[in-house]
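Work through the exercises below with the sequence and the model open. Each task is followed by its solution in steps.

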Amino acid sequence: GESNGGEPADLLVHYEFNEGENQTTADISGNGYSAILGTSSGVESNDPLWQCNSTGYQLDFDASEKQKIVSSTFSPPAEGTIAFWMKVPSISGSRQRIFGFSDKFEARWETTGKIHWDINYQGFNNSGDFIGSTITETDTWMHFAFITSVEYGTWALYENGVLANSGTKGLTAQPSSALTLGARTGRNSEYFTGSISGGHTG
């Protein structure tokens, strides 16, 4: 996990996306949960595109091409933080799934313009819990950090380092699965269009 604004510790998985080429991105946490671009080790239309930025590289995802990256299997954290940088080229009018292990551990960008964070939560959530601010800016990097604790039933969402929402809820640790970025594992629809950089969980 990590404290907001602090350095991450005991990371479960950490993708910097600094390869800039090839079909895999390394997990630099040391746990070996590397991810492949697209659906295979070969070049295909499902591969997100490497793009250079001011600090290194990012991956650009195009929903129309069903682009994604998929990790090896591991257990999503019951205690810890999910954090990443994201930007979008336009405000979506349809649901997009940014990442996910399952419907009980995912981030989905809804038609309201808000991201719903179903993290260790059983059931479809539209109650106001786990929901962030409306995204209004395009082509602007945004940092998100979601902190979850199944043990204490607490959660908190930080947007660009500022607390956006928090609360208490009955949470349930989720089983092992592959992590998908640009979509959600097990769902072949509602892909994400935008850029992701520097993601980690732990």
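**Salt bridges**

The model is predicted, and 10 salt bridges are counted in it.

**Exercise 1.** Find the partner of E106 in a salt bridge and decide whether the two residues are buried or exposed.

*Solution.* 
- Step 1. The partner of E106 is R97, and their closest N and O atoms are 2.7 Å apart.
- Step 2. The cut-off for a buried residue is a relative accessible area under 20%.
- Step 3. E106 has a relative accessible area of 2% and is therefore buried.
- Step 4. R97 has 4% relative accessibility, so R97 is buried too.

**Exercise 2.** Which strands hold the salt-bridge partners D118 and R108?

*Solution.* 
- Step 1. D118 and R108 form a salt bridge whose closest N and O atoms are 2.9 Å apart.
- Step 2. D118 belongs to strand β10 (residues 114–119) and R108 to strand β9 (residues 105–109), so the pair ties together parts 10 residues apart in sequence.
- Step 3. Both D118 and R108 are buried.
- Step 4. D118 and R108 also belong to a network of salt bridges, whose members include R97 and E106 from Exercise 1 as well as R95, E110, R184, R187 and E190.

**The chain and its largest pocket**

**Exercise 3.** Describe the fold of the chain by its elements, its radius of gyration and its contacts.

*Solution.* 
- Step 1. The chain has 16 strands and zero helices.
- Step 2. A compact globule of 202 residues would have a radius of gyration near 17 Å; the chain has 15 Å, which agrees.
- Step 3. The C-alpha trace spans about 45 × 40 × 30 Å along its principal axes.
- Step 4. Of the 202 residues, 48% count as buried.
- Step 5. Among contacts with a separation of 6 or more, 57% are between residues 24 or more positions apart.

**Exercise 4.** Which residues lie nearest the centre of the largest pocket?

*Solution.* 
- Step 1. The volume of the largest pocket is about 340 Å³.
- Step 2. Its lining has 13 residues, and E16, T55, W85, S197 and G198 lie nearest the centre.
- Step 3. Strand β16 (residues 194–201) gives the largest share of the lining, three residues.
- Step 4. By class, nine lining residues are polar, three nonpolar and one charged.

Conventions:
Residues are numbered from 1 along each chain as its sequence is written. This is a predicted model: local features need pLDDT of at least 70, side-chain atom pairs count only at pLDDT 80 or more; totals for chains, interfaces and linings use all residues. Side-chain values use heavy atoms; hydrogens and water are left out. On a 1 Å grid over the protein atoms alone, a cavity is a set of points where a 1.4 Å probe fits but cannot get out, and a pocket is an open set with protein on both sides within 12 Å along at least five of seven lines; lining residues have an atom within 4 Å of a point. Grid points are joined across faces, edges and corners, and a volume is the space filled by probe spheres set on the points. Helices (H or I, at least four residues) and strands (E, at least two) are DSSP runs, numbered from the N terminus. Ala, Val, Leu, Ile, Met, Phe, Trp, Tyr, Cys and Pro count as nonpolar, Asp, Glu, Lys and Arg as charged, and the others, Gly among them, as polar. A salt bridge is a side-chain nitrogen of Lys or Arg within 4 Å of a carboxyl oxygen of Asp or Glu. Buried means under 20% relative accessible area, exposed over 50%, partly exposed in between (1.4 Å probe, protein chains only). The radius of gyration is taken over C-alpha atoms; the globule rule is 2.2 Å times the number of residues to the power 0.38. Contact means heavy atoms within 4.5 Å.
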